[in-house]
Amino acid sequence: MTSVSIATQLADWRDHALTLENEVKKVVVGQDKAIRAINIAIFARGHVLLEGGVGVGKTTLLQSIARGLGGAYERIEGTVDLMPNDLIYHTFLGEDGRPKVEEGPLLRAGEQLSVFFFNEINRARPQVHALMLRVMAERHVNAFKKEYRLPHMLVFADRNQVEKNETFEIPSAARDRFMMEIPIEIPEDRELRKALMFDVKFQHAERLTQQVQGGVLAYDQLNAFSDVLQSHIRASDVLEDYALDLWQATQSPAAFGIQLDSVDVNRLIHTGASPRGMGMLLKAARVHAWLMQRDSLYPEDIHAVFHEIIAHRLVLNPMFESRRTQLSRELTNQILASVSVPARAKAA
Amino acid sequence: MKQIFLAWLVVGLVAMPAGAETPVAATSPAAAQVLNVRNPAHYAGIQMGDVLQRSLQVAVAAQDQLNDSNLPLKGLQRHGIELRQLAVSSAVKDGKKIYTLQFEYQVFANSGQPVQLQLPAERVSFNSGATVELPAWRFWLMSQLPDRLHPAKPTLITQYRPSLVETQTTQLGLGLSALLAVLGGLILLYRNADWTWLPMMNGHFAHAYRRLKRLPATADGQKQAALMMQHAFNQHYGQQLLGSEVHAFVQQQPVFQSLESQIQAFFAQANALLYGGQLPAATEYLQQCKALARELRACERRV
């Protein structure tokens with residue numbers, strides 16, 4: 001492929017990506033940052049965990065994204081009695097009164113599946129988590145004596161961070177499979193809040209998502225384009241040093257002079273970011289650079305996705321787990337504020 | 001006549017040794033007999049402070065006794081001669097009593113020229129009425145001092161300082177060396193010092209500017225320049241300053257507000273250089289960085 005055609009391809013896809021963003025922004029207000037993050041995850045081919053309270057628009061957001069992305073959209077609700085087989089198949093009595101078996105939501109659309117939405121994933125049992133982990137990593141599953149390939153599938157899951165009853169905490173290994181954990185928060189802007197309350201168009205989620213232009217992206221070409229994009233964006237040695245410092249700071253924050261008001265950082269971190277997590281960080285940062293019409297990575301690109309990619313990967317000591325959301329966000333903020341370009345050794 | 005002259009000569013010659021001996025007169029030979037008189041061995045070359053001794057040995061009857069009250073007293077001075085000591089001893093021998101008198105004198109006279117003095121004549125008397133006279137004994141006092149004493153001051157010779165060694169050239173060389181050493185030290189200080197102890201010299205951009213001046217006009221140099229400037233911005237901002245945060249930065253620190261567009265331009269160029277691999281002309285870029293650092297330094301100093 002020539003450089004001209006690559007440039008054209010990059011520009012065309014960028015237009016589509018920005019169109020998708022704008023389409024979703026028309027129906028989901030006050031979530032621009034989350035929309036940009038999901039857009040990045042789509043092009044970085046990463047799964048997304050949404051975190052937020054009840055009724056903040058997570059489902060509407062995902063349905064809008066799924067409509068713009070094209071392909072099939074499947075959804076399952078996490079419940080305490082949900083078993084792995086419920087994702088694979090379900091049984092029912094047919095019209096003829098005989099039992100029948102049909103493919104479950106994970107298999108039903110086959111290779112056309114572009115978005116699989118797992119609502120309230122933390123209500124599902126660990127057995128279900130284990131199945132999802134495998135599918136997310138391998139993008140295929142064996143059932144009915146054959147292999148179902150899901151090459152274009154992105155998993156969007158959400159978890160309710162408020163309720164803890166009858167929930168199963170997602171283990172760190174499972175969290176690490178998600179490229180991003182995106183917080184969905186109620187907009188601060190007073191006008192937006194007023195619109196959400198009084199504008200009747202926001203009262204009908206299904207009708208709202210229908211306003212999003214469908215099939216903005218060719219979902220089945222995203223994998224190939226993602227490879228092109230990733231190989232096109234460069235990282236300089238200065239930026240590599242910076243990223244390494246960031247990684248080290250997630251493991252030994254105190255070494256970078258990072259302090260938190262309420263806790264001792266030396267006792268806070270059990271394990272820092274994983275190599276897979278750092279790989280995903282750079283992958284997402286490259287997508288951000290591409291969206292910003294650049295062909296090289298800037299620190300801004302890393303900053304743009306650092307919270308979403310790193311915060312949920314940090315393994316905190318158990319005594320701090322109950323405050324995970326607050327502490328991990330606080331720590332990532334401090335890391336970005338304290339670790340800087342040039343690297344410490346070069347600045348000295 | 002001739003016979004008479006020869007007889008007189010013989011008598012004279014015979015009488016001379018007797019004359020040479022100190023003639024000791026014993027007024028009553030039967031009562032006191034002088035046995036021995038001994039005078040100092042030298043009569044010349046005597047000096048002030050010298051001690052002279054002479055002794056007299058007299059034999060008297062055994063029952064006779066020396067009259068002590070007539071003896072001269074110790075300490076008696078006569079014409080510069082002081083009787084320093086007088087010792088008397090006696091012994092009986094062959095039915096006679098023999099007295100030995102030991103006189104010890106010390107010379108205190110002084111003269112600028114040799115002068116003849118004498119130990120005074122001494123008279124010794126006994127209870128029987130017999131007396132013995134020890135005649136005076138002459139000697140020459142030879143002074144070591146000049147005859148005329150004068151104050152020392154007029155005769156003093158002025159003590160001049162020794163003539164100084166010629167050191168002008170050495171001093172000039174030393175001064176020149178010291179000057180060069182001080183100059184070299186100042187140059188080294190100028191090149192290497194941080195100057196942070198000086199007022200208005202410890203700003204982040206002042207520090208960056210000093211380091212920028214030392215950078216070579218190479219690709220690595222310009223990268224270092226961008227990093228130094230970036231570091232100075234980070235220090236001012238308190239955290240990593242990104243190009244997209246320049247507006248927030250100048251809002252936070254209004255002293256830099258007038259340079260906002262230049263800071264934006266710097267970040268655009270620095271990002272292209274550090275992350276995009278686009279290398280502008282090194283010399284020109286370094287000049288731009290230095291110029292911006294100077295302006296930022298001025299803002300930093302609020303001048």
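## An antiparallel sheet in chain B

Strand E2 and strand E3 (residues 51-61) of chain B run antiparallel and are joined by six bridges. Helices (H or I, at least four residues) and strands (E, at least two) are DSSP runs, numbered from the N terminus, and two strands pair if DSSP finds at least two bridges between them. Ala32(B) stands opposite Val60(B) in E3(B).

These strands belong to an open sheet of five, with the order E2-E3-E6-E5-E4 (chain B) and antiparallel pairing. Its edge strands, E2 (32-38) and E4 (77-78) of chain B, each pair on one side only.

## Basis of the model

The model is predicted: local features need pLDDT of at least 70, side-chain atom pairs count only at pLDDT 80 or more, and totals for chains, interfaces and linings use all residues. Residues are numbered from 1 along each chain as its sequence is written, chains are lettered from A and ligands numbered from 1 in the order in which they are written, and side-chain values use heavy atoms, with hydrogens and water left out.

## Chain B as a whole

Chain B has seven helices and 10 strands. Of its 303 residues, 33% count as buried; buried means under 20% relative accessible area, exposed over 50%, and partly exposed in between (1.4 Å probe, protein chains only). The accessible surface of chain B is about 18,900 Å², and 58% of that belongs to carbon and sulfur atoms. Such areas come from the Shrake-Rupley method with a 1.4 Å probe, and for residues only the protein chains shown count as cover.

On the surface, Leu176(B), Leu179(B), Leu180(B), Leu183(B) and Ile187(B) form a nonpolar patch with about 510 Å² of accessible area together. Patches are made of residues with over 30% relative accessible area and no salt bridge, like charges being joined within 9 Å and nonpolar side chains (Val, Leu, Ile, Met, Phe, Trp, Tyr) within 5 Å. Leu179(B) lies in helix H2 (residues 168-192) of chain B and counts as exposed, at 55% relative accessibility.

## Where the chains meet

The contact (heavy atoms within 4.5 Å) takes 17 residues from chain B and 21 residues from chain A. About 1,500 Å² is buried between the two chains, with 55% given by carbon and sulfur atoms; this is the accessible area (1.4 Å probe) that two parts lose on being put together, summed over both.

One salt bridge is counted between chain B and chain A. The term stands for a side-chain nitrogen of Lys or Arg within 4 Å of a carboxyl oxygen of Asp or Glu. Lys223(B) forms a salt bridge with Asp237(A), with the closest N and O atoms 3.5 Å apart.

## Salt bridges in chain A

Over all chains, the structure holds 23 salt bridges. One of them joins Glu308(A) to Lys33(A), at 3.0 Å between the closest N and O atoms. This pair links distant parts of the chain, 275 residues apart: Glu308(A) is in helix H13 (residues 299-310) and Lys33(A) in helix H2 of chain A. Glu308(A) is buried, at 4% relative accessible area, whereas Lys33(A) is exposed, at 55%.

Arg134(A) and Glu138(A) also meet in a salt bridge (3.2 Å, N to O). They are separated by about one helical turn because they are four residues apart in helix H5 (residues 126-138) of chain A.

## Positive phi angles

Most residues other than glycine have a negative phi. Arg45(A), not a glycine, has a positive phi of about 60°. Arg45(A) sits in the loop between helix H2 (32-44) and strand E1 (47-52) of chain A, and is buried at 9% relative accessibility.
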